[in-house]
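Q: Could you take me through a single part of this protein, step by step? I would like a close look at a sheet and what surrounds it.

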Amino acid sequence: MSVIAARIYKNANKIVMASDSIMVKGWSKTTQNTTKLVSINGMIMGVTGHCDEASLMFKYMETHKPLAPTERDVLDFVVEFSQWKRDYSGDTVIRDTYLLAYGGHLFCMEGIFVYEVKEYESVGAGEDFAKAALYLGHSPQEAVKVACELSCFVCEPIVIYEQDIN
């Protein structure tokens, strides 16, 4: 359970991403020491879904990145990650949903479906609340705050990263 929200600010030449901090195990939650939004190797990645896959993606990002900030190269990055993941877990299925800021572009990755985001996007359990807030012009931080207030599946503290658009 999580929410990630992102917006491209063309006049300010930046991409801003925000996430909540909940981690759920059964009927219990923790908000301490959870990481679903990271800045690694020139990329900002937010993930919703399974913690084990997220951990592997973050490890993969330390030494790998897309060749260029295009849908095709990000798709190749995801496919190569699924093959790399097989060596660690025996599983090639991509179950999580990701938002990736890279090279001044923003991408959404759902399984092996990749698309470039042109203005804003939100994914995860609180995505409808966050997406409505983004639609109304709010920042990613405010969008995640709204989701934290209205969804029982997301929780503060809010984490924020920014990337300049080249």
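A: Happy to! In this predicted model, four strands form an open sheet in the order β10-β1-β2-β11, and their pairing is antiparallel. The edges of the sheet are β10 (120-124) and β11 (159-164); each has a single partner strand, so one side of each is left without a neighbour in the sheet. On average, neighbouring strands here are turned by 15° against each other, ignoring direction.

Now look at the pair β1 and β2. Strand β1 covers residues 3-9 and strand β2 covers residues 14-19; they run antiparallel and are joined by six bridges.

Helix α3, residues 127-135, lies across β1 and β10, and runs at about 165° to β10. Helix α4, residues 140-150, lies across β1, β2 and β11, at about 155° to β1.

From here you can follow a contact to another part of the protein. Met 17 is among the residues in contact with Met 45, and so are Phe 58, Phe 77 and Met 109. Together with Met 61, Met 45 has the most contacts inside the largest nonpolar core, a group of 23 residues. Elements giving two or more residues to this core include β6 (43-48), α1 (51-61) and α2 (71-89). The largest share, six residues, comes from α1. As a general background, nonpolar side chains tend to be buried together in soluble globular proteins.

Terms used
Residues are numbered from 1 along each chain as its sequence is written. This is a predicted model: local features need pLDDT of at least 70, side-chain atom pairs count only at pLDDT 80 or more; totals for chains, interfaces and linings use all residues. Side-chain values use heavy atoms; hydrogens and water are left out. Two strands pair if DSSP finds at least two bridges between them. Axes are lines fitted to C-alpha atoms, for helices over the stretch in contact, and angles run from 0 to 180 degrees between N-to-C directions. Contact means heavy atoms within 4.5 Å. A nonpolar core is a set of buried Ala, Val, Leu, Ile, Met, Phe, Trp, Tyr and Cys residues joined through side-chain atoms within 4.5 Å. Buried means under 20% relative accessible area, exposed over 50%, partly exposed in between (1.4 Å probe, protein chains only). Lists of a residue's contacts leave out its neighbours within four places in sequence.
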